[in-house]
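Please read them with the structure open.

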Amino acid sequence: LSFCQWHCRHRRHLGAVSKLSVREALASVEGSPNSIKLQGWVRSVRSQKDILFLHVNDGSSLESLQVVAEPNLKTSALTFGSSVEVIGKLVKSLHKKQNVELNASDIKVIGGCDSYDFPFKLKERHPPEYVRQYPHLRCRTNTFSSLLRVRSKATAAIQDFFQSNGYIHIHTPIITSNDCEGAGELFQVQATNWDHGQSDKSGFFNVPAYLTVSGQLHLEVMSGGFTRVYSFGPTFRAENSQSRRHLAEFYMVEAEISFTDSLDDIMQVIENLFKSTTTALLSQCPEEINFFSKYVSVGQKDRLEQFLKKKFVTMTYTEAIEVLKDAREIFHYKPEWGCDLQTEHERYLVKHCGNVPLFVINYPYDLKPFYARDNEDGPQHTAAAVDLLVPGIGELFGGSLREERFDVLLSRLERLGLTDTYQWYLDIRKFGSVPHGGFGMGFERYLQCILGIDNIKDVSPFPRFPYSCLL
Ligand code: 4AD
């Protein structure tokens with residue numbers, strides 16, 4: 001950018017001085033004739049006899065901006081971790097790795113930082129288990145701030161995918177009276193100030209209420225009036241798991257597509273969503289993707305590029321069980337038709353298929369929730385359900401065709417004793433029912449998969465899991 005173009009774009013004047021972010025400053029090729037103001041946190045400070053070097057980062061970029069100053073601008077409060085406001089001119093840098101640096105005329109320390117007590121040390125690479133202990137400070141590390149920038153871009157890329165493909169965004173409720181998945185992993189909601197004496201035992205809502213495990217049933221309501229809908233919100237599961245891929249609170253991306261009786265259509269949307277979002281991230285976050293590929297999961301970028309080139313592989317659940325039974329590997333859980341695939345099975349299957357994303361379709365009918373469509377096959381009775389398994393993680397997406405036939409749905413709900421609870425769900429099969437299906441993707445697992453991050457607790461800004469609700 002020429003200085004004029006750059007100046008016109010960033011007209012946030014503070015008196016005569018424009019305020020710039022580190023990202024904006026680094027994007028300037030030539031420097032600036034006018035003074036600018038930069039605010040951020042000191043990432044390094046080094047003073048020599050006649051020059052002072054600082055690196056300042058404000059979270060907008062992986063790179064910090066180098067600030068050079070007269071040594072007399074150094075005060076004892078100017079330490080690693082302190083917050084600063086610097087005024088100066090952007091000048092062309094002599095350093096090969098950067099275009100510009102900030103020649104400071106004034107440095108003000110806004111908030112001091114006791115480097116001794118500060119948990120992160122200059123030039124040290126801290127292991128994730130250590131960083132995780134400081135959820136209130138970890139946004140100061142390169143790894144976590146990079147993750148949060150990618151997370152933010154991924155959110156926008158997912159929204160873009162749905163918006164540009166004609167989907168309507170629905171805000172599904174967080175408080176609900178249903179257990180969509182029927183797994184009983186619910187957090188119950190109670191009002192702390194509710195006087196139970198004046199109502200029945202059911203409390204505020206007069207019925208038991210829970211934090212949602214999935215927005216699917218509410219999306220299905222909407223798919224009675226819109227052909228394509230999606231939601232992207234928090235979901236909650238009281239799973240007693242400390243595993244590296246489970247959280248008690250996670251974000252789920254869900255979509256529901258009407259007028260389809262083919263699982264292939266649902267799988268195509270899943271593949272398109274994965275590829276489109278990942279392509280966007282590779283082009284919009286090159287610094288961060290390279291950083292993770294170099295320091296966190298070596299070669300991750302190449303693996304992602306491979307995923308994008310190939311069509312995802314598909315196998316049926318029945319074929320998957322045969323592969324597992326034929327495997328030389330000794331599994332902790334013996335693979336049997338009718339049993340859930342365990343993480344160890346999912347990992348083996350993905351490896352067996354060449355370490356690319358793998359669709360497993362047509363699961364045993366009795367394994368799937370009441371809403372999954374009956375394939376009416378047999379004797380190995382299956383439902384039209386699909387999971388997408390990805391390397392290193394296992395299940396990333398879960399979806400199915402939904403049972404749109406009133407009679408079939410009614411008899412299943414009767415068998416499960418759920419007819420009263422789901423009268424409204426049956427009702428939508430009475431008034432213009434259409435064949436439809438959809439899926440849900442765990443957003444944190446997607447980020448793990450893209451960045452090669454081993455533990456889900458390291459991709460959530462504030463992870464919640466058993467015995468831990470810090471902050
Ligand atoms: O397979 P699940 O349970 O599917 C549903 O909830 C459907 N109602 C979605 C739909 O069809 N609209 O969950 C979907 C995805 C999983 O594939 C997984 O990626 C993620 O949500 N997930 C979790 N992520 C983190 N922590 C947990 N405890 C998770 N449980 C599921």
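1. Angles under 35 degrees count as roughly parallel, over 145 as roughly antiparallel, 65 to 115 as roughly perpendicular and the rest as oblique. Axes are lines fitted to C-alpha atoms, for helices over the stretch in contact, and angles run from 0 to 180 degrees between N-to-C directions. Helices (H or I, at least four residues) and strands (E, at least two) are DSSP runs, numbered from the N terminus. Helix α9 (residues 317–326) packs against helix α10 (residues 343–352) at an angle of about 90 degrees, the axes being 10 Å apart. The two helices, α9 and α10, are therefore roughly perpendicular to each other.

2. On the basis of the model: this is a predicted model, in which local features need pLDDT of at least 70, side-chain atom pairs count only at pLDDT 80 or more, and totals for chains, interfaces and linings use all residues. Residues are numbered from 1 along each chain as its sequence is written.

3. Which residues of α9 and α10 meet? From α9 there are Ala320, Val323 and Leu324, and from α10 His345, Tyr348, Leu349 and His352; contact here requires C-beta atoms, placed from the backbone, within 7 Å. The residues of this contact of α9 with α10 divide into 5 nonpolar, 2 polar and no charged. In this scheme Ala, Val, Leu, Ile, Met, Phe, Trp, Tyr, Cys and Pro count as nonpolar, Asp, Glu, Lys and Arg as charged, and the others, Gly among them, as polar.

4. Arg347 also lies in helix α10. Is Arg347 buried, exposed or partly exposed? Arg347 counts as partly exposed, because it has 17 C-beta neighbours inside 10 Å. A residue is buried if 20 or more other C-beta atoms lie within 10 Å of its own, exposed if 12 or fewer, and partly exposed in between, with C-beta atoms placed from the backbone. Arg347 and Pro391 are 44 residues apart along the chain, and their C-alpha atoms are separated by 6.8 Å.

5. On the overall figures, the protein has 13 helices and 17 strands. Its C-alpha atoms fill a box of roughly 85 × 65 × 45 Å, taken along the principal axes. Of the 471 residues, 36% are buried. Among contacts between residues at least 6 apart in sequence, 66% join residues at least 24 apart.

6. The largest nonpolar core has 75 residues, and those that touch the most other members are Ile266, Ile270, Val360, Val386, Leu396, Met441 and Leu447. Such a core is a set of buried Ala, Val, Leu, Ile, Met, Phe, Trp, Tyr and Cys residues joined through C-beta atoms within 7 Å. Leaving aside neighbours within four places in sequence, Met441 is in contact with Met252, Val253, Leu396, Phe397 and Tyr446. A second, separate core has 22 residues, including Leu54, Leu78, Val86 and Leu90.

7. The shell around the ligand holds 23 residues, of which Ser214, Gln216, Gly398, Gly440 and Gly442 come nearest; a residue is near a molecule or strand if its C-beta atom, placed from the backbone, lies within 6 Å of it. At least two residues of the shell come from each of β12 (249–258), β16 (394–401), β17 (436–442) and α13. By class, the shell divides into 8 nonpolar, 8 polar and 7 charged residues.

8. Some backbone geometry deserves a look. Most residues other than glycine have a negative phi, and most peptide bonds are trans. Asn362, in strand β14, has a positive phi near 60 degrees. Asn362 is buried, because 22 other C-beta atoms lie within 10 Å. Tyr467, in the segment after α13 (443–451), has a positive phi of about 70 degrees. Tyr467 is exposed, with 6 other C-beta atoms within 10 Å. The peptide bond from Gly378 to Pro379 is cis, with omega near 0 degrees, and Pro379 is in the loop between β14 (358–364) and β15 (382–390).

9. Trp41 lies in strand β3 (residues 35–47) and counts as buried, with 20 C-beta neighbours inside 10 Å. Apart from neighbours within four places in sequence, Trp41 is in contact with Val56, Asn57, Gly81, Ser83 and Arg140.

How values were computed
Contact = placed C-beta atoms within 7 Å.
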